[in-house]
Amino acid sequence: MAVSPSCINSKLYADNGTLFISYERVQLLDANGKPIKASSLKKETNYVFNYPFVSTPVILLDLDEPTLKDVKLKSEDGEEYIWKGGVGSKGTIVAYVAICSHQLAHPTPEDSFLQYCQKDKKTMSYKEGGVMVCSSHLSAFDVKSGCKNLSGPAEEPLASVILEIDKDDTIWASAVLGPDKFHEYFKAFKPELKKFYGGKRKGKKKIKNSATLLPLTEYTKEIVQY
Ligand code: FES
């Protein structure tokens, strides 16, 4: 369901709403089904949950410093939208759809070529760490600015997932903002959807009520980062 941006807590998320899609509001739980508290997240650690579909991975990060705010971004076809910034008490928590805007590389249960590279690590994709890196063809994205494309062949940002932190410190996902690539993803990875989720139709099921948040090291067997 596409929602007019003016309806979302009076905040402007997109100029005309077409790059903002509201989905079911779901709570992030740990592997034992317990609610994750925002204050329990480890800094600069790659966490993954699937949202808004059972097969679409999202990377969640608690960064070591606050993000920028109200960042104006543009999709490859020129559509502008505004990313409001990180959430949590210090504005450091962000979530991005982990499907590369270049050729759709993404974390799977087998391997991951797309993840955040910590600040103290080096990457061939960019002059410094502290960025989201896709090691398929070496693209880098700015996690502090709505995952804007910084370098490499990717020509648009990664889409972001709108998070809300409730008063009790629980974390909820409620919408996707930006060029999300879901359509291309479902088309391109039919065999993979069958292998991991039992088929395309099952992989396209929407997440309901809650999503499990795991460290990337538990979500996937092999992390590939250049
Ligand atoms: S698929 Fe990510 S850079 Fe090519």
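Author: Start with a definition: a residue is buried under 20% relative accessible area, exposed over 50%, and partly exposed in between, using a 1.4 Å probe and protein chains only. The model is predicted: local features need pLDDT of at least 70, side-chain atom pairs count only at pLDDT 80 or more, and totals for chains, interfaces and linings use all residues. Residues are numbered from 1 along each chain as its sequence is written, and side-chain values use heavy atoms, leaving out hydrogens and water.

Now the rings. A pair of aromatic rings is described by the distance of the centres and the angle of the planes. Rings of Phe, Tyr and Trp (its six-membered ring) pair if their centres lie within 6.5 Å; planes under 30 degrees apart are stacked, over 60 edge-to-face, and the rest tilted. That rule gives nine aromatic pairs.

Take F49 and Y51. Their pair is tilted, with 6.2 Å centre to centre and 45° between the planes. F49 is buried at 0% relative accessibility. Y51 is buried too, at 1%.

Next come F53 and F186. Their centres are 5.1 Å apart and their planes stand at 85°, so this pair is edge-to-face. F53 lies in the loop between β2 (47–50) and β3 (57–62), and F186 in helix α1 (residues 182–188), so the pair ties together parts 133 residues apart in sequence. Helices here are DSSP runs (H or I, at least four residues), as are strands (E, at least two), numbered from the N terminus. F53 is buried at 10% relative accessibility. F186 is buried at 4%.

These residues belong together. One aromatic cluster is formed by Y23, F49, Y51, F53, F182, Y185, F186 and F189.
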